[in-house]
Amino acid sequence: MSTVHWVGAGLASGPGIVSLANKHQKIVVWDMTSDRADMLKSHLNEGAAFSFSKLDLRDASSVAVFKTAIAPHDVVVSMLPAALHVELANIALERKAHLVTSSYVSPEMAVLDTRAKEVGVALVNEVGLDPGIDHLFAHLLVDAAKEAGVLGKGHAVEFVSYCGGVPAEETDFTYKFAWTPYGVLTALKNQARLIDAGEEKIVAKAWEDVSELSIDNEVFEVYANRDSLPYVEEYGLEAETNIKKFVRGTLRLQGWKKAWANVFEQVDKATPDDLKELSDRLWSEHAYGEAEEDRVVMYVALSVTKDDGSVWEASLALDEKGSGWKTAMAATVSKTVAEAVMFITKSAMTPGIHAAITCPNQCRIWLAGLQAGGIKVRADNVNL
């Protein structure tokens, strides 16, 4: 049996670790301290093949011990900050082991594709919540549209994919932080690219283009993030000649733009030191308490309007809540990572770089696993 080397047992890891261990997958948790691993032991089934080892990537001797423990065809899971994924990828390649991360494929990761194919291992990324479950949803929606025969005919196509972590109990600030706010704050100034009204559109700062989205009669605020356009091809819509809307973005509670107006003003003018100070203040004022519930909402929809005005449409959505070591964010991220690990251990992933999976039938298998693990998916006009 191959061993899973799960590196990083932080707030987003617990449910995935427990899921794998309870499925009789041999798993070693590597971290700086054993605190989180010790806590998770009480949630394991009897006989689970679970152990802990200390790893400090700054210590050469510690890294050497880690490398020695990895055998060919093992799976290394990196739940460390994204900047460290490539370091672990190179270790995995050296040891002829697979790698799984929940982060976007970086340029530095992408260049490892040829080497991964030569070694015969898969480096699998974008298998968390967003990116991750959103990719599964998108491929299933496009597959449903193909089955309905509405694509490839010049009809007007609209695709939206929104996801966000929000507090389960509304607050005046409309948001709470599960970890340091610095990343959220810097992302607000990232340029976004999308298709809107049939034209390519650039948004310089998130708060400059906030709109409303109604899901089951609840109104949210949404905005585009990153560059949506590469996913037109990724999702199999590159042959469509009449795409009216295509956007991947972030979802927030209604009232977010108003509640954060002062934050936007500060972020817009902030130096790096100012941003660090703002992050520290927001962390002290708006962090989740130990027993507080978080909530994750995802909504992915595809619609096609024919020349006669009739509309084919379908959507997939989830709305999860959790707390403690089983927050909604931790469950949706790490259980998706666990599904990727199980897929690899069944030799179902080809060598090379991957961003989740693209085969609709395989997407269904992953979603079935997530549903069996307690994550509820709502499907409208889509076959799961």
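## Charges, helices and loops in a predicted model

Colleague: How far apart are the mean positions of the positive and negative charges of the protein?
Modeller: This is a predicted model. The protein carries 37 positive and 53 negative charges. Their mean positions are apart by 3 Å.

Colleague: How many helices and strands are there in the protein?
Modeller: Both kinds of element are present. The helices number 14. The strands number 16.

Colleague: What radius of gyration does the protein have, and what would a compact globule have?
Modeller: The chain has 384 residues. A compact globule with 384 residues would have a radius of gyration near 21 Å. The protein agrees with that, at 21 Å.

Colleague: What percentage of the residues in the protein is buried?
Modeller: Buried means under 20% relative accessible area. Of the 384 residues, the buried ones make up 52%.

Colleague: What share of the contacts joins residues 24 or more positions apart?
Modeller: The count takes contacts with a separation of 6 or more. Among these, residues 24 or more positions apart account for 70%.

Colleague: Where do the buried residues of helix α3 fall, seen down its axis?
Modeller: Helix α3 covers residues 60-69, and its buried residues are Ser62, Val63 and Phe66. Seen down the axis, they fall within an arc of 100°, so they line one face of the helix. An α-helix has 3.6 residues a turn, so residues three or four places apart point the same way. For the buried residues of α3, then, the place is one face, within an arc of 100°.

Colleague: Which residues are exposed on the other side of α3?
Modeller: The buried face of α3 holds Ser62, Val63 and Phe66. On the other side, the exposed residues are Ala60, Val65 and Thr68.

Colleague: Which elements do the buried residues of α3 pack against?
Modeller: Strands and a helix are both partners. The helix is α4 (85-94). The strands are β1 (4-7), β2 (27-31), β3 (50-54) and β4 (75-78).

Colleague: Is Met109 buried or exposed?
Modeller: Met109 sits in helix α5, residues 107-110. Its contacts beyond four places in sequence include His85, Leu99, Asn125 and Ile353. With a relative accessible area of 2%, Met109 is buried.

Colleague: Which residues does Asn125 contact beyond four places in sequence?
Modeller: Asn125 is in strand β6. At 1% relative accessibility, it counts as buried. Val100 is 25 residues away in sequence, yet 5.8 Å away in space, C-alpha to C-alpha. The contacts of Asn125 are Thr101, Ser103, Val105, Met109, Ile353, His354, Ala355 and Ala356.

Colleague: Where is Pro131, and what kind of peptide bond joins Asp130 to Pro131?
Modeller: Pro131 is in the loop between β6 (122-125) and α7. Most peptide bonds are trans. With omega about 15°, the bond between Asp130 and Pro131 is cis.

Colleague: Which residues does His155 touch beyond four places in sequence?
Modeller: His155 lies in the loop between α7 (133-148) and β7 (156-167). At 10% relative accessibility, His155 counts as buried. The residues touched by His155 are Val150, Asn242, Val304, Thr305, Lys306 and Asp307.

Colleague: What is phi of Ala197?
Modeller: Ala197 lies in the loop between β8 (192-196) and β9 (199-203). It is exposed, at 64% relative accessible area. Most residues other than glycine have a negative phi. Phi of Ala197 is positive, near 55°.

Colleague: Is Asp216 buried or exposed?
Modeller: Asp216 is in the loop between β10 (211-215) and β11 (218-224). Its phi is positive, near 50°. At 58% relative accessibility, Asp216 counts as exposed.

Colleague: How far apart in space are Glu221 and Asp273?
Modeller: Glu221 is in strand β11. At 10% relative accessibility, Glu221 counts as buried. Glu221 touches residues including Val210, Thr250 and Trp256. Asp273 is 52 residues away from Glu221 in sequence, and their C-alpha distance is 29 Å.

Note on methods. Residues are numbered from 1 along each chain as its sequence is written. This is a predicted model: local features need pLDDT of at least 70, side-chain atom pairs count only at pLDDT 80 or more; totals for chains, interfaces and linings use all residues. Side-chain values use heavy atoms; hydrogens and water are left out. Helices (H or I, at least four residues) and strands (E, at least two) are DSSP runs, numbered from the N terminus. The radius of gyration is taken over C-alpha atoms; the globule rule is 2.2 Å times the number of residues to the power 0.38. Buried means under 20% relative accessible area, exposed over 50%, partly exposed in between (1.4 Å probe, protein chains only). Contact means heavy atoms within 4.5 Å. Lys and Arg count as positive and Asp and Glu as negative; His and the chain ends are not counted. The place of a charge is taken as NZ of Lys, CZ of Arg, CG of Asp or CD of Glu. The arc is that of the directions from the helix axis to the C-beta atoms.
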